[in-house]
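Colleague: I am new to this structure and would like a close look at a single part of it. Could you take me through the nonpolar core and the strands around it, step by step?

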Amino acid sequence: MIKGSGEEPESVQSSEEIEQKMPVGTKVEASKVAKVPKRNMDKPSKKAIEEENMDEGEMVFVMPGDIIGTTEEFSPGVGTFLHVADIHAASTGIVKIDRKARIISVVPSTKYPPSINIGDIVVGNITGLRESVALVEIAAIKGEGEREFQKVGTAAIHVSNVKDSYCKRLDEEFSVGDIIKAKVLNTENMRLSTAEKGLGVMKAQCFNCRTVMVKDNNKLKCPECGRVEKRKLSSDYGTGIV
Ligand code: ZN
């Protein structure tokens, strides 16, 4: 085969067929053909059409080398590489499309799914308290119909993001089992904040008898045993309003 003649247009879509049908010696850039993964080569627009119609939050899982779009449609973003006019996934992960900026990228599968974004309000429960962070299992995102979604792992509220004023001890603000409302600060390591007035504990149980406590001024009081506990309370405590 004659390599790299440069006369052929760099068309990927039918190069596999060409390679199979054409006799040895034709002007096909073999080096480029060899690198092209065997997937939808003849229908580059099919996947794009699917993505165009996909619902918000629907995830397209890709492997390294998969063609996820073309430069006609998108600019290559993080986690992609360009080969000829095709944008390929550089890592295993989930396709993310910024339609406004027309950027297509791949969020590595080890990271959180793109369904949670910075600034989202999430609801979850406190699963653990460390010295400087409260651990949260996220259960729902506000605006997504509060529907349950796939488990995203553990998020964390750092002691500096609990409230506007200085927070000395996390165990005076949260208790394991509390249901909280928080804002997403970053999605890289899922940091949350409860500093705003509406954010914080939404529902809490009495440490003694597990009865759901009621708001009593700025504290919580157990209607059963009378125990008083402190929390970083949401202004929506007890309302169930997310
Ligand atoms: Zn009690």
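Modeller: What follows begins with the chain as a whole and then turns to the core, its strands and a few single residues.

This is a predicted model, in which local features need pLDDT of at least 70 and side-chain atom pairs count only at pLDDT 80 or more, whereas totals for chains, interfaces and linings use all residues. Residues are numbered from 1 along each chain as its sequence is written.

The protein chain has three helices and 16 strands, where helices (H or I, at least four residues) and strands (E, at least two) are DSSP runs, numbered from the N terminus. Of its 242 residues, 27% count as buried; a residue is buried if 20 or more other C-beta atoms lie within 10 Å of its own, exposed if 12 or fewer, and partly exposed in between, with C-beta atoms placed from the backbone. Two residues are in contact if their C-beta atoms, placed from the backbone, lie within 7 Å, and among contacts between residues at least 6 apart in sequence, 50% join residues at least 24 apart.

Now to the core itself. A nonpolar core is a set of buried Ala, Val, Leu, Ile, Met, Phe, Trp, Tyr and Cys residues joined through C-beta atoms within 7 Å. The largest one in this model holds 28 residues, and those that touch the most other members are Ala 134, Val 136, Ile 157, Ile 180, Ala 182, Leu 192 and Val 201. Two or more residues come from each of β8 (121–129), β9 (133–141), β10 (154–158), β11 (179–186) and β13 (200–203), and β9 gives the most, with five residues.

Val 136 shows how these pieces meet: leaving out residues up to four places away in sequence, Val 136 touches Gly 124, Asn 125, Ile 126, Thr 127, Thr 154, Ala 155, Ala 156, Ile 157, Ile 180, Ala 182 and Leu 192. Apart from this core lies another, of twelve residues, including Val 62, Ala 89, Ala 90 and Ile 97.

The pairing of the strands comes next. Strands of a sheet pair through backbone hydrogen bonds, either parallel or antiparallel, and here two strands are said to pair if DSSP finds at least two bridges between them. Strands β8 and β9 run antiparallel and are joined by seven bridges, with Gly 128 standing opposite Leu 135 in β9.

Strand β13 brings in Met 202, which counts as buried because 20 or more neighbours are required and Met 202 has 24 C-beta neighbours inside 10 Å. Although Met 202 and Ile 180 are 22 residues apart in sequence, their C-alpha atoms are 5.1 Å apart in space. Beyond its neighbours within four places in sequence, Met 202 is in contact with Ile 179, Ile 180, Lys 181, Ser 234, Asp 236 and Tyr 237.

Two loop residues with positive phi can be set side by side. Met 190, in the loop between β11 and β12 (191–193), has a positive phi of about 55° although it is not a glycine, and Met 190 counts as buried because it has 20 C-beta neighbours inside 10 Å. Asn 217, in the loop between β14 (214–216) and β15 (219–221), has a phi near 55°, again a positive value in a residue other than glycine, but Asn 217 is exposed because 7 other C-beta atoms lie within 10 Å.

Ala 90 lies in the loop between β5 (86–89) and β6 (93–98), and Ala 90 counts as buried because it has 20 C-beta neighbours inside 10 Å. Its contacts, not counting residues up to four places away in sequence, are Pro 64, Gly 79, Thr 80, Phe 81 and Val 106. Ala 90 and Asp 66 are 24 residues apart in sequence and 8.1 Å apart in space, C-alpha to C-alpha.

Strand β5 also belongs to an open sheet of three strands, in the order β2-β5-β4 with antiparallel pairing, whose edge strands, β2 (67–70) and β4 (80–83), each pair on one side only. Four bridges join β4 to β5, and among the residues involved, Leu 82 has Ile 87 in β5 as its bridge partner.
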